[in-house]
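Subject: Structure handover

Hello,

Here is the structure I said I would pass on. My notes on it follow below.

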Amino acid sequence: YAEQFLLAHELTRKAGYDHYEVSNFGRKGRYSRHNSAYWSGAKYVGAGPSAHSFDGTSRSWNVAPYAEWRSRLSAGESVIDGVETLSATNRQSESVYLGLRTVNGYRASSSDLEIANTWTKQGWAELEEDVVRLTPEGWLRLDSLAAGLTGL
C-alpha cells in the first residue's frame, strides 16, 4: 500500500496535480469545495439516506435504507437515525486530525511542536512556524500521528 500511495503521489505531481489532502489530488485552484467543508469543520446539511449533517456542535445521520427513509419522509416523520454531540475534547481531536490530513496543516501548540519536531527528523512532517504539515510519508501514518497529538 505504501509503495502504491507514494507512486500515486509522484505520478500525479508530475502530471501537474497537487496532493492537497491525504486522499485527494487536484489542479491548483480546483480543489473539492464539497470535501473541504468537512475538513475545515464547516456546517453542512445531508439530505438523503445515510446522509450526515453537522451544525458546528452536533453531527447527525439519516436512516440508511432508502425505503425506510422515503417512508418516514412521506409520513412527515424524522429521518434522523442518530445524533452525536461533540465535546470540546472531540472537537479538538477532530481539529488535529482534519488539519493534518490536508496541506493546510494544523496550527500546533508548543507541546505539539515538540512532538512534531521528531516527525520532521523522520521525514513525516514539515514545520512552518507553528503549522505542522504532513508529508506523503507522514500521511501514511496519519492516524497514529494524530493520536500522538491528541493523546487518544
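Arg107 has Val131 in S8 as its bridge partner. That bridge belongs to the antiparallel pairing of S6 with strand S8 (residues 131-134), which two bridges join. Strands pair here if DSSP finds at least two bridges between them; helices (H or I, at least four residues) and strands (E, at least two) are DSSP runs, numbered from the N terminus.

The model is predicted: local features need pLDDT of at least 70, side-chain atom pairs count only at pLDDT 80 or more, and totals for chains, interfaces and linings use all residues. Residues are numbered from 1 along each chain as its sequence is written, and side-chain values use heavy atoms, with hydrogens and water left out.

The sheet is open and has three strands in the order S6-S8-S7, with antiparallel pairing. Strand S6 (106-107) and strand S7 (125-128) are its edges, each pairing on one side only. Helix H5 (residues 110-122) packs on the sheet and touches S6, S7 and S8, where contact means heavy atoms within 4.5 Å. The direction of H5 makes about 130° with that of S7; axes are lines fitted to C-alpha atoms, for helices over the stretch in contact, and angles run from 0 to 180 degrees between N-to-C directions.

Next, helix H7 (residues 142-150). Its buried residues are Leu142, Leu145, Ala146 and Leu149 (buried is under 20% relative accessible area, exposed over 50%, partly exposed in between, with a 1.4 Å probe and protein chains only). They lie on the same side of H7 because they cover an arc of only 95° around the axis, the arc being that of the directions from the helix axis to the C-beta atoms. Asp143 and Ser144, on the other side of H7, are exposed. The cover over the buried residues includes helix H4 (88-100), S6, H5, S8 and helix H6 (136-139).

The largest nonpolar core has 17 residues, and Val96, Leu100, Tyr106, Trp119, Val132, Leu134 and Leu149 touch the most other members. Such a core is a set of buried Ala, Val, Leu, Ile, Met, Phe, Trp, Tyr and Cys residues joined through side-chain atoms within 4.5 Å. H4, H5, S8 and H7 each supply at least two residues of the core, and H7 gives the most, with four. Neighbours within four places in sequence aside, Val96 is in contact with Tyr106, Ala146, Leu149 and Thr150.

Last, the backbone. Glu129, not a glycine, has a positive phi of about 55° and sits in the loop between S7 and S8. At 75% relative accessibility, Glu129 counts as exposed.

Regards
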